[in-house]
There are 2 protein chains.
Amino acid sequence: MSEHPPPAGAWGSRSASQSPTLADVAREAGVHKATASRAMNPLTRDQVNADTFRRILHAAERLGYVPNTVARGLRTNRTAAIGVLVPDLTNPLFPPIVRGITDRLAADGYTTLLANTDNDDEQERAQFAALESRRADGFILATARREHRLLARAAERGVPLVLVNRTVDDLDVPSAVGDDAAGTTQAVAHLAALGHRRIGHLAGPQDLSTGLTRQRAFRHAMDGASLPVPPGAVVTCTGYTEDAGRLACRRLLDARPDTTAIVAGNDLIALGALTALAELGRGCPAEVSVVGFNDMAFVDKIRPPLTTVHVPHHELGVQAAQLLLERLHDPHAVAKKILLPARLVVRGSTAPPATAPSASP
Amino acid sequence: MSEHPPPAGAWGSRSASQSPTLADVAREAGVHKATASRAMNPLTRDQVNADTFRRILHAAERLGYVPNTVARGLRTNRTAAIGVLVPDLTNPLFPPIVRGITDRLAADGYTTLLANTDNDDEQERAQFAALESRRADGFILATARREHRLLARAAERGVPLVLVNRTVDDLDVPSAVGDDAAGTTQAVAHLAALGHRRIGHLAGPQDLSTGLTRQRAFRHAMDGASLPVPPGAVVTCTGYTEDAGRLACRRLLDARPDTTAIVAGNDLIALGALTALAELGRGCPAEVSVVGFNDMAFVDKIRPPLTTVHVPHHELGVQAAQLLLERLHDPHAVAKKILLPARLVVRGSTAPPATAPSASP
DNA sequence: TTGTATGCGTTATCAA
DNA sequence: TTGATAACGCATACAA
């Protein structure tokens with residue numbers, strides 16, 4: 001056994017800043033490495049005698065043994081690490097999603113490798129390659145475009161992949177997204193019920209599933225309410241940003257000055273629209289109502305408090321992680337697509353139109 | 001997967017979903033593993049003949065070789081991965097910090113391992129252990145309390161550690177934080193210049209460096225302006241949350257009903273204070289002015305737009321990452337503490353007091 | 001139930 | 001400049 005054990009938590013002759021290995025534990029417990037390995041692994045724990053198990057565990061504790069996940073990963077070819085790619089963490093949409101992901105993953109002992117892509121193909125490729133070289137067991141992408149080369153190739157190679165928030169065209173990849181269509185429909189219904197007839201849409205980028213789905217749902221809902229969507233009433237923003245929203249709103253009101261309500265592609269676009277309205281001296285909701293999408297943090301505090309479609313982002317993250325874990329457990333499972341309910345939250349940015357709907361023939 | 005051999009980029013006889021290894025590349029190029037290794041590593045690249053280098057690189061490309069970071073990590077005992085611990089990513093304070101960290105780390109080829117602790121000791125311990133078992137090369141903690149057992153022990157063990165946003169007492173750990181004292185001083189000076197004399201402080205938790213520093217700076221600045229800080233004018237919040245701010249604000253106004261201005265420990269506390277004021281029917285800034293701290297995203301959009309102290313959070317993250325990289329490069333470097341400038345941003349939540357400062361004797 | 005032997009993919013050391 | 005060999009720490013097939 002050990003001669004004079006150094007103060008505490010040291011391990012014999014090894015240099016002070018070295019971690020003890022399974023070999024050290026085995027030596028300390030007087031067993032073979034393999035037995036120590038079995039004792040430390042929950043899955044093989046029952047293969048070892050109860051008594052020796054206690055001895056080994058005790059030795060491990062005494063030495064402060066921590067299993068080396070890197071070595072284990074090399075041996076087992078599984079790292080219990082998941083790559084998470086988001087466009088930009090400072091977009092308030094993503095923190096709750098990522099939080100949901102990490103919460104679910106951590107519960108199963110998985111670690112989250114986080115990377116931002118800034119919607120840049122080259123950055124995304126580089127980050128994805130880096131995480132793949134790290135042998136992440138799977139990926140959760142919040143960066144999907146409807147057509148996505150990198151994503152398609154990865155899926156074809158059989159890389160375990162799950163999409164969150166956005167989805168992709170023509171590919172059987174599991175995903176967890178909000179019900180964009182239903183949310184948009186509720187927004188239009190709300191405005192129609194208030195008496196609005198000239199409703200515009202500031203659409204998100206059409207190469208993103210959210211942008212396209214919401215735009216189509218908008219037209220469909222308008223049609224269903226027998227409301228017209230004349231040329232210029234739908235303007236596509238260059239991005240999900242405040243500034244793109246501001247610019248698009250000006251174009252919308254330029255083409256359709258009598259617009260009384262706007263369905264924005266998301267909350268950032270809605271904020272931009274509010275700015276544009278303020279610049280143009282048009283009151284919201286007095287003259288123009290605005291509905292957002294996502295119910296980002298603090299949009300209830302702005303002026304006017306934003307009517308918007310709530311999407312359960314944390315739960316989106318949880319479900320995405322859950323899907324990935326299931327897929328890792330059973331690689332041949334069918335690629336589920338989860339749609340989480342969205343619901344309109346009415347606040348102060350919507351009101352009946354100031355002038356009654358035109359009563360002329 | 002598919003029975004049909006994959007179209008292109010397959011590697012001889014290996015099973016379809018296997019990555020090619022250095023051995024495969026070496027065989028393809030007709031050299032030894034070791035030579036291939038040297039060719040693929042930027043640091044040893046020049047040890048290899050230019051011609052064979054091209055041959056190896058070509059072979060690697062043909063096979064789609066990606067170095068296995070796990071194996072490299074086992075061999076070199078360095079993983080190029082950094083553990084990042086935050087209390088809660090959905091607190092708007094942290095996304096820009098984390099973004100700054102990942103930006104700087106990614107630039108040097110490091111990967112970010114992200115974990116949330118929810119200010120819970122046990123969660124933090126577990127997450128830290130998990131990341132350590134993964135052999136992260138170092139850690140950036142946004143979770144520091146002034147006295148922090150886990151942190152202290154890790155520092156003593158020589159684990160490369162950097163603190164961000166918050167710091168710790170009595171420990172030589174590098175850190176990057178905002179200039180809390182200077183920011184608070186500016187806030188008080190601003191209010192005093194507006195004519196406020198009865199200024200209260202909703203202090204953050206005093207076991208956090210930010211809470212203590214700002215509280216002390218508040219008292220010091222008040223003293224410097226010859227303004228009194230009577231009992232009850234400083235209330236400590238139970239946390240950096242809206243609700244804690246709301247409750248504390250009620251206690252403050254209960255004890256000191258004639259308060260005309262409030263310096264909040266941070267923006268969330270300020271938001272809670274605004275809520276409390278609204279509940280009590282006290283206008284802001286008409287009756288009570290409020291100053292926040294941090295300049296979180298979108299506090300310029302709320303009503304009233306929040307006067308607050310801007311802290312360069314992204315840069316805080318960048319600097320923290322930079323400190324850690326330096327420390328990894330030179331483990332014996334001195335533990336720098338970086339203080340980034342904070343500056344008051346005046347918006348709509350502050351105004352001169354409604355009643356002129358009491359003119360009685 | 002435990003011990004033996006081997007290899008995961010890479011890099012460091014030594015020889016040639 | 002290149003090749004041979006060993007070792008990083010662990011898990012597992014096989015033997016005992």
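What is the strand order of the open six-stranded sheet in chain A? It goes β7-β6-β8-β9-β10-β12, with mixed pairing.

## Ground rules

This is a predicted model, so to speak: local features need pLDDT of at least 70, side-chain atom pairs count only at pLDDT 80 or more, and totals for chains, interfaces and linings use all residues. Residues are numbered from 1 along each chain as its sequence is written, chains are lettered from A and ligands numbered from 1 in the order in which they are written, and side-chain values use heavy atoms, with hydrogens and water left out.

## The sheet in chain A

Back to that sheet of six strands. Strands here are DSSP E runs of at least two residues, helices are H or I runs of at least four, and both are numbered from the N terminus; two strands pair if DSSP finds at least two bridges between them. β7 (234-236) and β12 (343-345) of chain A sit at the edges with a single partner strand each, so one side of each has no neighbour in the sheet. From one strand to the next, the twist averages 20°.

In chain A, β10 (residues 307-310) runs antiparallel to β12(A), and three bridges join them. A:His310 has A:Arg343 in β12(A) as its bridge partner.

## Helices across the strands

Two helices of chain A lie across this part of the fold. Helix α11 (residues 267-279) of chain A lies across β6, β8, β9 (289-294) and β10 of chain A, at about 155° to β9(A). For the angles, axes are lines fitted to C-alpha atoms (for helices, over the stretch in contact), and values run from 0 to 180 degrees between N-to-C directions. Contact means heavy atoms within 4.5 Å.

## Around DNA strand C

DNA strand C has 24 residues around it, the closest being A:Thr35, A:Arg75, B:Leu22, B:Tyr65 and B:Arg75; a residue is near if one of its heavy atoms lies within 4 Å. Sugar and phosphate make up 58% of the DNA strand C atoms that come within 4 Å of the protein.

Now the polar contacts (N or O pairs within 3.5 Å). The side chain of A:Thr35 has an N or O atom 2.5 Å from a phosphate oxygen of DNA strand C. For A:Arg75, a side-chain N or O atom is 3.0 Å from a base nitrogen, and B:Arg75 puts a polar side-chain atom 2.3 Å from a base oxygen.

Definitions and conventions: A polar contact is a pair of N or O atoms within 3.5 Å; within protein, one must be able to donate a hydrogen and the other to accept it, and residues adjacent in sequence count only if both atoms are side-chain atoms.
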